[in-house]
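Subject: Structure for your review

Dear colleague,

Please find below the structure that I am handing over to you. My notes on what was found in it follow directly after.

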Amino acid sequence: MENLKDIYIRDAKLLGKDDFIKKYNHPFLIQYSEKTSSEQASKKMTFSTISVKNLDELIKQASSMSKKVIEQAFPITKSDRNPFAGKITVGRTNNHDLIIQDASISKFQGYFETDNNIQFTFVDKGSTNGTTVNGEKLEPSVPRFLKDRDLIAFSTVKFTYYSPRAAYE
């Protein structure tokens, strides 16, 4: 059975941008994992001295050795699992819209809200290990507007926020 991330990736390849956005008119949380190519990782580099030119080349080689791979994709959508109208809840228990099964996530981490299904905010509800956006810790109960490619971490579990248009691209 295909999982959600595989379905989204397949549809992004098969559908045009407008059709993808029409079908998925909600934002996404994408979790990446860093994978290294075993062939590239096995190459050994030795330098007796490193000049600026060699250092730039070393950085390019090191960054090309790791490749972002989508681990999980979560649609930010309302389910019938929680009773809070207008709130898309996040937590580790089964009564939330987005269930992240990690012990460091609070039972009720917080929630997403939107007025127009275009601009979303996230509110941390005083979670034990907190929530950060782009490395900045959120204050409990204070909404934070989200932008494309914001890095959001529920405790230590990291995601990237994407609108449908940015997810397609």
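In this predicted model, Asp97 and Lys78 form a salt bridge in which the closest N and O atoms are 3.7 Å apart. The pair links distant parts of the chain, the two residues being 19 residues apart. Asp97 sits in the loop between strand E3 (87–91) and strand E4 (98–99), while Lys78 belongs to the loop between strand E2 (66–75) and E3. Lys78, at 37% relative accessibility, counts as partly exposed.

Asp97 also meets Asn82, whose side chain makes a polar contact with the side chain of Asp97 at 2.3 Å. Asn82 is placed in the loop between E2 and E3. Is Asn82 buried or exposed? With a relative accessible area of 8%, Asn82 is buried, because the limit for that class is under 20%. Leaving aside residues up to four places away in sequence, Asn82 touches Lys87, Thr89, Asn95 and Asp97. Of these, Asn95 is 13 residues from Asn82 in sequence, and the C-alpha atoms of the two are 5.5 Å apart in space. A polar atom of the Asn82 side chain also lies 2.7 Å from the backbone nitrogen of Phe84.

Lys87, which Asn82 touches, has a salt bridge with Glu113, the side chains meeting at 3.3 Å, N to O. This pair too links distant parts of the chain, with Lys87 in strand E3 and Glu113 in strand E5 (residues 110–114), 26 residues apart. Both partners are partly exposed: Lys87 has 23% relative accessibility, and Glu113 has a relative accessible area of 27%. Elsewhere, salt bridges that share partners join Arg10, Asp11 and Lys23 into one network.

A further salt bridge is found between the side chains of Lys5 and Asp6, at 3.7 Å, N to O. Lys5 is buried, with a relative accessible area of 19%, whereas Asp6 is partly exposed at 30%. How many salt bridges does a search of the whole structure find? The search finds eight.

Strand E10 (residues 151–154) is joined to E11 by four bridges, and the two strands run antiparallel. Leu151 has Thr160 in E11 as its bridge partner. E10 and E11 form a hairpin with two residues between them, and Ser155 in the turn has a positive phi of about 60°. Why can E11 be called largely enclosed by the rest of the structure? Five of the six residues of E11 (residues 157–162) are buried, so the strand is largely enclosed by the rest of the structure.

Finally, some totals for the chain. The chain has five helices and 11 strands. Of its 169 residues, 36% count as buried. The accessible surface comes to about 10700 Å², and carbon and sulfur atoms account for 52% of this area. Among contacts between residues at least 6 apart in sequence, 46% join residues at least 24 apart.

Yours sincerely

Key:
Residues numbered from 1 in each chain as written. Predicted model: local features only at pLDDT ≥ 70, side-chain atom pairs only at ≥ 80, totals over all residues. Heavy atoms only, no water. Buried < 20%, exposed > 50% of the residue type's maximum accessible area, 1.4 Å probe, protein only. Contact = heavy atoms within 4.5 Å. Areas by Shrake-Rupley, 256 points an atom, 1.4 Å probe, with all protein chains shown as cover. Pairing = 2+ DSSP bridges. Salt bridge = Lys/Arg side-chain N within 4 Å of Asp/Glu carboxyl O. Polar contact = N/O pair within 3.5 Å; in protein donor to acceptor, adjacent residues only side chain to side chain.
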